[in-house]
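Here is a friendly note to read alongside the model. Please keep the viewer open as you go through the points.

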Amino acid sequence: MLAATPWAAALPYNWHMNAPLPTAIAATTSHAPWWLRVLGALVEPWLRIRREPAEPQTQFNPALPVCYVTERYGLSDTLILEQACREAGLPEPLQALQLGGLRKQRAMFALSRREGWLFRRPRSRTHSETLAQLLDTVRANPELDIQLVPVSIFVGRAPDRQIGWFRVLFSENWVVVGRFRRLLSLLLNGRRTIVQFSTPISLRLALGDERDAPNTLRKVSRVLRVHFQRIRAMVIGPDLSHRRTLIDGVVNAAPVQAAIDTNASKEGIPRDKAVAKARNFAWEIAADQSHLVVRSASFLLTGLWDKIYSGVRMHHFDKLRAIAPGHEIIYVPCHRSTIDDLLLPYLLYRNGLVVPHIAAGVNLNLPLVGSLLRRGGAFFLRRSFKDPFYSTVFREYISQLFARGVSLEYFVEGTRSRSGRTLSPRGGLLSMTLRSFLRESHRPVVFQPVYIGYEKIIEGDSYIGELSGKPKEKESWLGLLRSLGALRQNYGSVAVNFGEPLFLGPVLDEVAPDWRAATADPEAKPAWLRSAVDTLAERILININRAADVNPINLLALALLSTPKHAMAQADLVAQIELIRQLFIALPYSDRVTVTDMSGAEIVAYGERMQAIQRITHPLGDLLVCEGKAGVLLSYFRNNVLHLFATAAWVACCFLNNRRMTRVSIARLGRIVYPFIQSELFLPWSDDGFAAQIDATIDFFIARGLLEPSGDGRILRRGPGQSDGAYQLRLIAHSMLQAFERYYIAIAALVRNGPHTLSAAELENLCTLTAQRLSLLHELNAPEFFDKSLFRGFIQKLRERRVVWTDDSGKLDFDNALEDVTRDAKVILSREIRHGILKLTPERRETLTAATIPPEES
């Protein structure tokens, strides 16, 4: 917690949790005065304390005496701390403290306290008298040391479903309250009390680099004050001033003032009108977060989640909590559902972290709804930043939030994924974040990727319509009311996994070692900014994927959708699910991926209860199927985790049309195709890393009997086509086969039309038309097969790898190497598939110009 201070970071306190505590800090009988013991007994029934960490004694040095430090003095805080220490078996704060010749009545002190009895005011002082005495004693006796333990106490931090609205008014905030209000808070919210023990501070280490006594006292006091402010900001949120003050700061900032002058001159309007325009932009954008509304929303959402979900699981949150103090946290989750906007802030709040300010599309700024969202922490942005005046105001607003230490949340993908895949990043907000960091780099910034996995989504029907070409329905009150009916269903469980964080400083050091020079000009847009944004965006999406959760519906989708009719015998389905689950466990994609504990049979039964699959009874054995719309919805959940399956699918694809292949050939072809798979699925490995994954996967298949080695392991052979092993390999291969068919469509279109014929946009449209037609002819029940964005990404990767390039007239050119790629496709794609694609691919551009493709929805 205090790692920012050298002598605090150097603490050597790492004892085993189960080690017995020496007498120095073992549990003792109470030494409190009788009247405090009476008050403690009266208060205890009203308190239910949650300690963080749950076993704080593991942080302590058992050989040193302990003195607790609180932010503010209060009788209630003293009683809460005494009970928390007693429950944890820690030294009591109310026992006498003996350190050398110094004796204090209590082993605790507060940085600030109030004077007087009835009408008290905060006492203005720079340090605690007890702290000064402890420092003097340790300074005078080199053999002595003592550990100060900062303790933060929050009463009523996270309201639950059972509490009343009145109690929400008395939950913890930044206001220093009087005795009567604190008493009400204790009586109403004492059962939701958090006591946070921070890492102890050794006063001996603090004196290690001492130059003069007053300076050391001020430094230790300042470190403690800053630490308490950080913990309070982490748990409750920064102490925000009035929204009007923030907007005034935005409008009066130098960049916005310059933009006002430019706009007034450009449009020929009075400067006052340009100022009013800027102010209107700021009012449209700015959040108006209210702690009361946040706590009330927590109260309501607890009941909502209990109604529509059977559980919300969260993994790796402890790793986030460890880095949160002292950092500017930017939460960057994947975007799968509108629920994302509510679920992540709710979980952060319920687990003791501040609710971030959340970027929301201006389309959600509906009457009443928009006001509630603002007070919950939402700030609104337009879909386009083409207006430089608006863009300047928005960028300045982000900078102002940075300056105030406000954590943010936004979706790097920019929009919800309708197909279940991770979408290509949009770098607008990332670019603004980086530029704000260059201006206000007072605190280190960390991006926290978050994976959110569902078993059923509320927007399922609308996603199917949009993927089929229907226009996206605009947000409205009528649509909101219609969606309320969906809340009657059960949507299974939800998993929220926190991925590996990305610290901005090291990323910038890697991309642009001289980035600190850009901080001299607050309006600078350095040449390396685009590269930094692209690098950061790609790593965020990679780390989101590296934190995936594999739930029962994902496994059902991977197994069942690989069959031609989306139907399998129960025994085959159970065996295939078990094979895939064991693959994920034996070859973990990363240490943050989580996999369901259900067995194959349990997963099948769960899928039936969730109505993801249907059972058809038959005398020779039951069949399990997913038909029509259910199949399209199931493809969404397959796509959620397809990246985890990419290596296995590639190896299996190599044996679709080949009985035997060498390891070397599988790796060689894998290196050719990997850049395109990596770009589409945001895979984390280098070319060599992917080759290593291929080897590990082959070994897994050999161990499971799906492949048989020969010739000293250099040659691999699959079983005959009728064998169970060949059948399982074929199902694994089909999960990625459509991606390779898309690649072949693009390459075949280029080769068939020749160089200097098609532009990139024309090739993209031609590929989409071909894929649409192929999908209709073969009844492919996966709308993402003809997704324009996937073709666009593949064509862009071809250009980046210089497989194709643009000539002077804007047409795509290539050489004979592309025909070599076409020949390699024979290994993966059957003759029937290749000939079918070639037959459907138009040979003349006139075919393309006569066609129309529905506009793409964002």
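1. A word on the basis first. This is a predicted model, in which local features need pLDDT of at least 70 and side-chain atom pairs count only at pLDDT 80 or more, while totals for chains, interfaces and linings use all residues. Residues are numbered from 1 along each chain as its sequence is written, and side-chain values use heavy atoms, with hydrogens and water left out.

2. The chain as a whole. It holds 34 helices and 28 strands; these are DSSP runs numbered from the N terminus, with helices being H or I of at least four residues and strands E of at least two. Of the 858 residues, 54% are buried (under 20% relative accessible area with a 1.4 Å probe, protein chains only; exposed is over 50%, and partly exposed lies in between). Among contacts (heavy atoms within 4.5 Å) between residues at least 6 apart in sequence, 79% join residues at least 24 apart.

3. The largest nonpolar core. A nonpolar core is a set of buried Ala, Val, Leu, Ile, Met, Phe, Trp, Tyr and Cys residues joined through side-chain atoms within 4.5 Å. The largest one has 196 residues, and Tyr397, Phe447, Trp650, Ile666 and Phe740 have the most contacts inside it. Helix H29 (residues 724-753) gives the most to this core, with 16 residues. If you click on Trp650 and set aside neighbours within four places in sequence, you will find contacts that include Ile666, Phe690, Ile694, Phe740 and Ile828.

4. Leu135 sits in helix H4 (residues 129-140) and counts as buried because its relative accessibility is 1%. Beyond four places in sequence, Leu135 contacts Leu203, Leu207, Thr216 and Leu217. The C-alpha atoms of Leu135 and Leu207 are 8.1 Å apart, although 72 residues separate the two along the chain.

5. H16 against H17. Helix H16 (residues 388-403) packs on helix H17 (residues 428-439) at an angle of about 55°, with the axes 9 Å apart. Axes are lines fitted to C-alpha atoms, for helices over the stretch in contact, and angles run from 0 to 180 degrees between N-to-C directions. The two helices are therefore oblique to each other (under 35 degrees is roughly parallel, over 145 roughly antiparallel, 65 to 115 roughly perpendicular, and the rest oblique). The residues in contact include Phe394, Arg395, Ile398 and Phe402 of H16 and Leu429, Met432, Arg435 and Phe437 of H17.

6. Ser436, a residue to look at in that pair. Is Ser436 buried or exposed? This residue of H17 is buried, with a relative accessible area of 0%. Not counting residues up to four places away in sequence, Ser436 touches Arg395, Ile398, Ser399 and Phe402.

7. H10 against H16. The axes of helix H10 (residues 254-267) and H16 come within 9 Å and cross at roughly 170°, so H10 and H16 are roughly antiparallel to each other. Pro255, Val256, Ala259, Ile260 and Asn263 of H10 meet Phe389, Thr392, Val393 and Glu396 of H16.

8. A glycine to finish. Gly40 lies in helix H2 (residues 34-43) and is buried, at a relative accessible area of 17%. Gly40 and Thr78 are 38 residues apart in sequence, with 9.3 Å between their C-alpha atoms.
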